[in-house]
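Student: I would like to learn how to read a protein model. Please go through this one with me.

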Amino acid sequence: GNRPDMLAMATRSAAHAFVPDLEDSVPPAEKEAARGTVADALASLAASGRPVIPRVNSLESGLFELDVDAVAGTQIAGISVGKIRGADDIRRVDSRLASIEGQRGVPTGTIGILPWIETAAALTRAAEIAKGLGKLGIIWSCNSRANVPFEYLKIFKDNGLRLLLVGYESGNQEILNNIKKGVRVDIAQEFTKNCKKLGIII
């Protein structure tokens, strides 16, 4: 987000979507300038016909509201929010987006939410977070390891999960052990069968 030259070049890339970053890649001293840079680039990025999903700073950062106010509108498909801690965070994000949509004449629910579960505590609340998304009627996707148990997959599917981006890395156990993947081939195979059974795209 703090590199106008990179944003200008982005539309010439083969990217399927654009995720201009206002969070981790931007030094604290450059946050405000990056916010304006990304806001100025939205029109050209959106004109490419590909989804634009800015990554904003987390709720506890004190910068979330400023980021969302700068980028929310018809030119983006959603926002990517890091360090989600639980269902209450999802509700807070949704409430803020709904308020801005109302103020700017954007149909409610137009701006999607791409939440990132990045802490150990949040991982223990994955089912709770999924149910929070389900109550909001959000269709969502996420990254996943190839060892999620069936009961969790079912909760996720029942609450709007459409697609999992899975890092299988290899179907060879020796290779998985060498790269310290921490996944067994037989568990990954069972996970794949369960996803297909539930209708989850992988």
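Student: How do the residues of the lining of the second largest pocket divide into nonpolar, polar and charged?
Tutor: First, this is a predicted model, where local features need pLDDT of at least 70 and side-chain atom pairs count only at pLDDT 80 or more, while totals for chains, interfaces and linings use all residues. Residues are numbered from 1 along each chain as its sequence is written, and side-chain values use heavy atoms, leaving out hydrogens and water. A pocket is an open set of points on a 1 Å grid over the protein atoms alone, where a 1.4 Å probe fits, with protein on both sides within 12 Å along at least five of seven lines, and lining residues have an atom within 4 Å of a point. Counting Ala, Val, Leu, Ile, Met, Phe, Trp, Tyr, Cys and Pro as nonpolar, Asp, Glu, Lys and Arg as charged, and the others, Gly among them, as polar, the lining gives six nonpolar, four polar and two charged.

Student: How much space lies in the largest pocket?
Tutor: A volume is the space filled by probe spheres set on the grid points, which are joined across faces, edges and corners. On that basis the second largest pocket has about 160 Å³. For the largest pocket, the value is about 920 Å³.

Student: Which residues are closest to the centre of the largest pocket?
Tutor: The lining of the largest pocket has 32 residues. Those closest to its centre are Pro115, Ser141, Cys142, Asn143 and Ser144.

Student: Which element supplies the largest share of that lining?
Tutor: Two or more residues each come from strand S3 (112-115), helix H6 (126-135), strand S4 (140-144), helix H7 (150-158) and strand S5 (161-166). By class, the lining has 24 nonpolar, five polar and three charged residues. The largest share, five residues, is from S4.

Student: How are H6 and H7 placed relative to each other?
Tutor: Axes are lines fitted to C-alpha atoms, for helices over the stretch in contact, and angles run from 0 to 180 degrees between N-to-C directions. The H6 and H7 axes come within 8 Å and cross at roughly 20 degrees. Angles under 35 degrees count as roughly parallel, so H6 and H7 are roughly parallel.

Student: What is the handedness of the crossing of H6 and H7, left-handed or right-handed?
Tutor: A crossing is left-handed if the near helix is turned anticlockwise from the far one by less than a right angle, and right-handed if clockwise. For H6 and H7, the crossing is left-handed.

Student: Which residues in H7 does H6 meet?
Tutor: Contact means heavy atoms within 4.5 Å. From H6 come Ala126, Ala127, Ala130 and Lys131, and they meet H7 at Tyr152, Ile155 and Phe156.

Student: What is the handedness of the crossing of H7 and H9?
Tutor: H7 packs with helix H9 (residues 185-198) at an angle of about 30 degrees, with their axes 10 Å apart. H7 and H9 are therefore roughly parallel. Their crossing is right-handed.

Student: Which residues of H3 make the contact with H2?
Tutor: Helix H2 (residues 31-46) and helix H3 (residues 64-71) have axes 9 Å apart, at an angle of about 25 degrees. That makes H2 roughly parallel to H3. H2 brings Arg35, Val38, Ala39 and Leu42 to the contact, and H3 brings Leu66, Asp67, Ala70 and Val71.

Student: Leaving aside neighbours within four places in sequence, what is Thr37 in contact with?
Tutor: Thr37 lies in H2. Its C-alpha atom is separated by 9.8 Å from that of Pro20, 17 residues apart along the chain. Beyond those neighbours, the contacts of Thr37 are Gly1, Pro4 and Leu7.

Note on methods: Helices (H or I, at least four residues) and strands (E, at least two) are DSSP runs, numbered from the N terminus. Angles under 35 degrees count as roughly parallel, over 145 as roughly antiparallel, 65 to 115 as roughly perpendicular and the rest as oblique.
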